[in-house]
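Keep the sequence panel at hand. This tour tells you what to select at each stop and what is there.

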Amino acid sequence: MNFCTYSVLLVLLSADVRAKSSLNSQPSPMRTVVRKFMRHLLTILAIYIFQISYSQELDIFQNDSLYSMNKISSRTMYSLKDTSLQKELVTTYNPTGQKSKQFWYWNGDSNFHNVQTFYYSSNGLISSLIDSFANGTVEITNYFYDNNLIKHQVTLDQNNDTCDFRFYPSKNMTIKRWYMDGKPYRYDTTIFERKNIKFEYYGMERYSGSNDLSRWHYKYINQFDTSGNLVKVSFGGRANNSTTKYTYDNRNLLKYKDNVLMNQGKIAMRMQYTFIYE
């Protein structure tokens with residue numbers, strides 16, 4: 001996925017519409033409060049799911065060496081729809097286990113929504129990412145390093161407008177500015193518990209056409225198995241929360257993912273995924 005807002009906003013929009021629909025029967029003040037919570041919750045979920053890194057899982061971020069050792073050439077992610085499988089993402093890998101291309105699909109479409117191509121420097125560091133959309137839009141992310149440590153990255157669209165800018169003040173923190181129509185509208189900071197495993201996420205966003213700001217601050221509770229694999233992530237309160245569980249095969253490759261969103265103590269949304277390797 002890319003660092004720009006387009007893919008995230010599509011997911012958020014469809015999820016937000018479903019959330020609003022399910023809240024229509026509630027009294028107006030409560031509806032407003034719950035909508036705000038769901039907006040923040042779904043925003044974080046979307047970012048959490050669609051954030052890229054320099055290793056191989058969608059949101060698990062396993063090391064490239066695991067893919068190379070197991071000679072993985074491709075992985076297909078399917079969402080579980082009742083008893084059927086719906087293709088969501090196809091990732092191909094080079095012999096060193098690094099991503100080479102990703103094909104994203106939406107809502108069961110037979111044709112991909114966008115394809116991402118990854119480029120690496122001679123020392124194996126990601127240097128650029130080209131994201132080509134089916135509508136002809138192209139976004140390019142370039143990465144900048146100091147002594148082989150990433151310092152910042154910037155994503156530009158085909159009009160040379162900035163989509164987002166992310167910098168890395170330390171190996172355990174990233175700070176990101178999101179842009180729309182050339183203007184920043186959201187700022188967020190991520191702190192990691194260990195490599196690519198989020199511990200804390202906070203920020204603020206300015207609503208479109210308004211001076212109102214929304215703010216959020218989430219802390220994640222991460223659980224690991226004896227092999228060091230992330231097996232459970234949760235955040236939120238007692239009534240409103242998100243819990244994601246991960247299951248691995250005997251090669252320690254991600255096999256299943258199960259995410260549950262709770263709203264007022266009831267399941268508001270459940271998303272399940274399975275992963276097939278070749």
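Select Asn 160 first. Asn 160 counts as exposed, because its relative accessibility is 57% and the cut-off for exposed is over 50%. Asn 160 is found in the loop between S7 and strand S8 (162–170). Look at its backbone too: phi is positive, about 70°, although Asn 160 is not a glycine. Most residues other than glycine have a negative phi. Bear in mind as you go that this is a predicted model.

Go to Gln 264. Its phi is near 55°, again a positive value in a residue other than glycine. Gln 264 is found in the loop between S16 and S17. Is Gln 264 exposed or partly exposed? At 44% relative accessibility, Gln 264 counts as partly exposed.

**The whole chain**

Zoom out. The chain has 3 helices and 17 strands. There are 278 residues, and 48% of them count as buried. Colour the surface by atom type. The accessible surface comes to about 14,100 Å², and carbon and sulfur atoms hold 51% of it. Now think about contacts in the chain with a separation of 6 or more: 34% of these are between residues 24 or more positions apart.

**Inside S7**

Select Gln 153. Gln 153 sits in strand S7, which spans residues 149–157. Is Gln 153 buried or exposed? Gln 153 is buried, since its relative accessible area is 0%. Show the side chain of Tyr 168 as well. A polar contact of 2.7 Å joins the side chains of Gln 153 and Tyr 168.

Select S2 (residues 84–93) and S3 (residues 99–104). The two run antiparallel and are joined by 5 bridges. They form a hairpin, with 5 residues between them. Pick Gly 97 in the turn: Gly 97 has a positive phi of about 90°.

Now centre on Phe 103 in S3. Val 90 stands opposite Phe 103. Phe 103 also stands opposite Val 115 in S4. In a regular strand the side chains alternate between the two faces of the sheet.

**The nonpolar cores**

In soluble globular proteins, nonpolar side chains tend to be buried together. Which residues have the most contacts inside the largest nonpolar core? Select Tyr 67 and Tyr 277: they have the most contacts inside this core of 26 residues. Several elements supply at least two residues each, among them helix H3 (64–69), S2 and strand S11 (197–206). S17 gives the most, with 5 residues. Then move to a second, separate core of 6 residues, which includes Phe 118, Ile 126, Tyr 143 and Ile 150.

**Aromatic pairs**

A pair of aromatic rings is described by the distance of the centres and the angle of the planes. A search of the whole structure finds 7 aromatic pairs. Two of the stops here are such pairs.

Select Tyr 201 and Trp 216. The ring centres are 6.0 Å apart and the planes are at 25°, so the pair is stacked. Tyr 201 and Trp 216 are both buried.

Next, select Tyr 218 and Phe 235. This pair is edge-to-face, with 5.1 Å centre to centre and 80° between the planes. Tyr 218 lies in strand S12 and Phe 235 in strand S14, so the pair ties together parts 17 residues apart in sequence. Both residues are buried.

**Around S12**

Stay with strand S14 and pick Ser 234. Ser 234 counts as buried, because its relative accessibility is 16%. Beyond its neighbours within four places in sequence, Ser 234 is in contact with residues including Lys 219, Tyr 220 and Thr 243.

Finish at Asp 212, in the loop between S11 and S12. Asp 212 counts as partly exposed, because its relative accessibility is 49%. Leaving out residues up to four places away in sequence, Asp 212 touches Glu 205, Arg 206 and Tyr 207.

Definitions and conventions
Residues are numbered from 1 along each chain as its sequence is written. Side-chain values use heavy atoms; hydrogens and water are left out. Helices (H or I, at least four residues) and strands (E, at least two) are DSSP runs, numbered from the N terminus. Buried means under 20% relative accessible area, exposed over 50%, partly exposed in between (1.4 Å probe, protein chains only). A polar contact is a pair of N or O atoms within 3.5 Å; within protein, one must be able to donate a hydrogen and the other to accept it, and residues adjacent in sequence count only if both atoms are side-chain atoms. Contact means heavy atoms within 4.5 Å. Accessible areas come from the Shrake-Rupley method with a 1.4 Å probe; for residues, only the protein chains shown count as cover. Two strands pair if DSSP finds at least two bridges between them. A nonpolar core is a set of buried Ala, Val, Leu, Ile, Met, Phe, Trp, Tyr and Cys residues joined through side-chain atoms within 4.5 Å. Rings of Phe, Tyr and Trp (its six-membered ring) pair if their centres lie within 6.5 Å; planes under 30 degrees apart count as stacked, over 60 as edge-to-face and the rest as tilted.
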